[in-house]
Amino acid sequence: MTPPPVRYDAIVIGSGQAGTPLARALAGAGRRTALIESTHVGGTCVNEGCTPTKTMVASARVAYLARRGADYGVRTGDVSVDMVKVRERKRAIVDKFRGGSERSLAKLERLELVRGEARFTGPHDLDVADGSGGSRSVSSDLVFLNVGARPSKPPLPGLDAVPHLDSTSIMELEAAPEHLLVLGGGYIGIEFGQMFRRFGSRVSIVQRGMHLLAREDADVAEAVEGILREDGIEVLLNTEARGVERGADGAIRLRVRESGIERTLSGSHLLVAAGRAPNTDRLNLKAAGIAHDHRGFIRVNDRLETNVPGVYCLGDAKDGPAFTHISYDDFRVVQTNVLGGGGASIANRIVPYCVFMDPELGRVGLTEAEARRQGHPVRVFTTPMRGAARALEMGETRGLMKAVVDERSQQILGCAILGVTGGEVMTVVQAAIMGRLPYTALRDAAIAHPTMAESLNNLFDQ
């Protein structure tokens, strides 16, 4: 006879940036909790996303600065990159983060870390396959999904027959590609494109849209494009990939249509950076009756509840912004409501994010285009980074600052900070938005000199 499912007070599927702290909180509140993880504790951020990529971005920046040594009066000689050492450093930091999280989970009473792949067999019942042919059944009235997403594969003719990289596999290369073709001009394509250019590769970025970073205003996207071109990266806009094949010489040949003209790009490696797909196809959502859209993203309300009572979805598996800090904020919302009896909501949540190119782009709030579409009476403030004293002193004058203000209320609607420490400066503006301060509060603030944040005085004094 099949044994009955093991009952828990709560089941959390996925140990990402929402699932892990939620499991800790549930167990700490006295609830017997199962945290089910199919691969690595820590989710995408720790294992394939933020931690490893930003570790490698740091290595690439050191190579960039070393080559610029003469600009600062420093003689460095020839600069070369040891990709194996870069990879070792990346792996060591990932292992440290992951190991620390695993050890902390092991110390918690009432929390069981269950290794395996979970699939629904009913609205609150799951089967967990351990990967070696065994399985166990579990059940709970409370189920929290934090299963994340993975790189998606576009329907490009010939792609299945050609070796290609994604945002995970590219970080395991032992040598920099001779010529890296990047399919996609979003933040993943831009970060890896610039990174490997600094590691010594030729790089071509193919973007289907009219400009890079489709969420951004055209002037900000053009400034990003200018920086990449200055770094020696080929940027192809309004260019559609039509097919790919591998030549007899081993080269990858990517057929594209650029402004209506067909041409073929030849490279040594192809990075596919054309979006991400939710890992919900592995959950057997149909058995639970959980609603989702045609792409597999789970539908939730403002409290992160699915259509099935007692089942919640947090992080990248639901539609919306897919960032680590948003996943963690999802945890806070659910913790407040489930354990604290509160009424937290994701409605009208301010969503900041950074593109970790160099210099980095920090973004929060509305773009100019979004503000105008919403009918705000808009006032736009812009200033180039070459006007910031600290940027000049650091020799980092590329980029710009842009803020959008509502003329009636004088409140800041959003900003884009493209420059050295752009994310940190953006956060200052975010705090002003959260506090509903008028832009004049930043214009007139006595901000420490010389800092990059001080340039906000000048941005708003126009």
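## Ser-59 and its helix

In this predicted model, Ser-59 touches Val-86, Arg-89 and Phe-199, leaving aside residues up to four places away in sequence. Ser-59 is part of helix α3. Its relative accessibility is 16%, so Ser-59 counts as buried, the cut-off being under 20%.

## Helices α3 and α5

Helix α3 covers residues 50-67 and packs against α5 at an angle of about 40°, with the two axes 8 Å apart. The two helices are therefore oblique to each other. The crossing in which α3 passes α5 is left-handed.

On the α3 side, the residues that meet α5 are Thr-53, Lys-54, Met-56, Val-57, Ala-60, Arg-61, Ala-63, Tyr-64 and Arg-67. On the α5 side they are Glu-191, Phe-192, Met-195, Phe-196 and Arg-198. Sorted by class, this contact of α3 with α5 has eight nonpolar, one polar and five charged residues.

## The sheet β12-β11-β10-β16

Four strands in the order β12-β11-β10-β16 make an open sheet with parallel pairing. Its edge strands are β12 (234-236) and β16 (269-272), each of which pairs on one side only. On average, neighbouring strands of this sheet are turned by 15° against each other, direction ignored. Helix α5, residues 187-198, packs on the sheet and touches β10, β11 and β16. The direction of α5 makes about 165° with that of β11.

Within the sheet, strand β10 (residues 179-183) pairs with strand β11 (residues 202-206) in the parallel sense, over five bridges. His-179 stands opposite Arg-202 in β11.

## The sheet β1-β7-β6-β5

Another open sheet of four strands has the order β1-β7-β6-β5, and its pairing is mixed. The edge strands here are β1 (6-7) and β5 (117-120), each pairing on one side only.

Strands β6 (residues 125-129) and β7 (residues 135-139) run antiparallel and are joined by five bridges. Val-128 stands opposite Arg-136 in β7.

## Helices α1 and α8

Helix α1 (residues 19-28) and helix α8 (residues 324-339) have axes that come within 9 Å and cross at roughly 20°. This angle makes α1 roughly parallel to α8, since angles under 35 degrees count that way. The crossing of α1 and α8 is right-handed.

From α1, the contact is made by Pro-21, Leu-22, Ala-25 and Leu-26. From α8, the residues are Tyr-328, Phe-331, Val-334, Gln-335 and Leu-339. By class, the contact of α1 with α8 has eight nonpolar residues, one polar and no charged.

Gly-419 sits in the loop between β23 (412-418) and α11 (422-434). With a relative accessible area of 0%, Gly-419 is buried. Leaving aside residues up to four places away in sequence, Gly-419 touches Pro-359, Glu-360, Met-385 and Arg-398.

The C-alpha atom of Gly-419 is separated by 7.7 Å from that of Asp-358, which is 61 residues apart from it along the chain. Asp-358 is joined to Pro-359 by a cis peptide bond, with omega near 5°. Pro-359, one of the residues that Gly-419 touches, lies in the loop between β19 (353-355) and β20 (361-365).

## The cis bond at Pro-450

The peptide bond from His-449 to Pro-450 is also cis, with omega near -5°. Pro-450 is placed in the loop between α12 (439-443) and α13 (455-460).

## Leucines with positive phi

Leu-213 has a positive phi, near 50°, in a residue other than glycine. Leu-213 is found in the loop between β11 and α6 (218-230). Its relative accessibility is 8%, so Leu-213 counts as buried.

Leu-304 is not a glycine either, but its phi is positive, at about 70°. The loop that holds Leu-304 runs between α7 (285-288) and β18 (311-313). At 0% relative accessibility, Leu-304 counts as buried.

Conventions. Residues are numbered from 1 along each chain as its sequence is written. This is a predicted model: local features need pLDDT of at least 70, side-chain atom pairs count only at pLDDT 80 or more; totals for chains, interfaces and linings use all residues. Side-chain values use heavy atoms; hydrogens and water are left out. Two strands pair if DSSP finds at least two bridges between them. Axes are lines fitted to C-alpha atoms, for helices over the stretch in contact, and angles run from 0 to 180 degrees between N-to-C directions. Contact means heavy atoms within 4.5 Å. Buried means under 20% relative accessible area, exposed over 50%, partly exposed in between (1.4 Å probe, protein chains only). Angles under 35 degrees count as roughly parallel, over 145 as roughly antiparallel, 65 to 115 as roughly perpendicular and the rest as oblique. A crossing is left-handed if the near helix is turned anticlockwise from the far one by less than a right angle, and right-handed if clockwise. Ala, Val, Leu, Ile, Met, Phe, Trp, Tyr, Cys and Pro count as nonpolar, Asp, Glu, Lys and Arg as charged, and the others, Gly among them, as polar.
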